[in-house]
Amino acid sequence: HKQELTIIGARPGVGKTTLALQIAEHIAERGTETAIISLEMSDTQVIQKLISRRARINSYKMRMGTLETKELEQIGVVSAEIAELPIHLITKARTIQHIENIARKLKNKNNLGLMIIDYIQLIKNKGKFNSREQEVADITRTLKLLSLELNIPIVGLCQLNRNAARQEPTLADLRESGAIEQDADIVMFLYRDDYYNEDSEKKNIAEVIIAKHRAGSTGTVELAWLGNYTKFANLAKDY
């Protein structure tokens, strides 16, 4: 929702970037101007993820270049579809000040409707702080105020502490700053038990844990994880 800061937290490799990209694509398909600010991946890597999911082509085959003619044709079709979406992909921003400038320009010029940042702990701050915790606290507060100023939702991805790999994550696992929990309107965690436990009974199932929700209830939603296509899907559907 507008004026809300949503945090998606997970350990590396669980799929938080994939989930965020699906959210961005879903919103952009409805005509909303969407900005994806990636501090971790290149333009090529982000676009490959979008194409793989949309075309339902194995992402490993794309990386290795072992594609069949039919798959190449499908990539061409999907690439054209993605190019038509109102998505602004930015991979050069590094500071919170730069991100603020980009957001304001996109709001004024393109009526920006959603901004996604991957991920918060990689953002630098030009201000002077006594600790990294204070720096991250200032960054999350700035993002919350920016969402209010521009009247847009902001989704920030967040790295979790190592403890979150051994059990379902909690708010205590938010890395580097308790201010992330304080400033966020919604905090959700992404957890895949089979990623850590070979004997897991939840094969190819991801849990989205809503740990904080200022305007609603908390709880857990299960999604299907389609690893070959780097995609999440509803469990109720036949994929």
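Select Asp 183 and Thr 140: their side chains make a polar contact at 2.8 Å (a pair of N or O atoms within 3.5 Å; within protein, one must be able to donate a hydrogen and the other to accept it, and residues adjacent in sequence count only if both atoms are side-chain atoms). This is a predicted model, in which local features need pLDDT of at least 70 and side-chain atom pairs count only at pLDDT 80 or more, while totals for chains, interfaces and linings use all residues. Residues are numbered from 1 along each chain as its sequence is written, and side-chain values use heavy atoms, with hydrogens and water left out.

The backbone nitrogen of Arg 141 is 3.2 Å from a polar atom of the Asp 183 side chain. Asp 183 belongs to helix α7, residues 179–183 (helices are DSSP runs of H or I with at least four residues, strands are runs of E with at least two, and both are numbered from the N terminus). Asp 183 is buried, at a relative accessible area of 6% (buried is under 20%, exposed over 50%, partly exposed in between, with a 1.4 Å probe and protein chains only). Leaving aside neighbours within four places in sequence, Asp 183 has contacts that include Leu 5, Ala 137, Lys 144 and Arg 214 (contact means heavy atoms within 4.5 Å).

Next, select Leu 5, in strand β1, residues 5–10. Leu 5 is buried, with a relative accessible area of 0%. Show Ile 186 too: it is 181 residues from Leu 5 along the chain, yet their C-alpha atoms are 6.7 Å apart. Beyond four places in sequence, the contacts of Leu 5 include Thr 140, Leu 143, Ser 147, Ile 154 and Ile 186.

Now select helices α5 (residues 96–110) and α6 (residues 132–150). They pack at about 10°, with axes 11 Å apart (axes are lines fitted to C-alpha atoms, for helices over the stretch in contact, and angles run from 0 to 180 degrees between N-to-C directions). The two helices are therefore roughly parallel (angles under 35 degrees). Among the residues that meet are Ile 96, Ala 103 and Lys 107 in α5, and Ile 139, Leu 146 and Glu 149 in α6.

Finish with strands β7 (residues 205–213) and β8 (residues 219–226), which pair antiparallel over six bridges (pairing needs at least two DSSP bridges between two strands). Ile 205 stands opposite Ala 224 in β8. A hairpin of five residues connects β7 to β8. Strand β9 (residues 231–234) runs antiparallel to β8, joined by four bridges; Leu 223 has Asn 234 in β9 as its bridge partner. In the β8–β9 hairpin, with four residues between the strands, Thr 230 takes a positive phi near 45°.

Technical notes
Angles under 35 degrees count as roughly parallel, over 145 as roughly antiparallel, 65 to 115 as roughly perpendicular and the rest as oblique.
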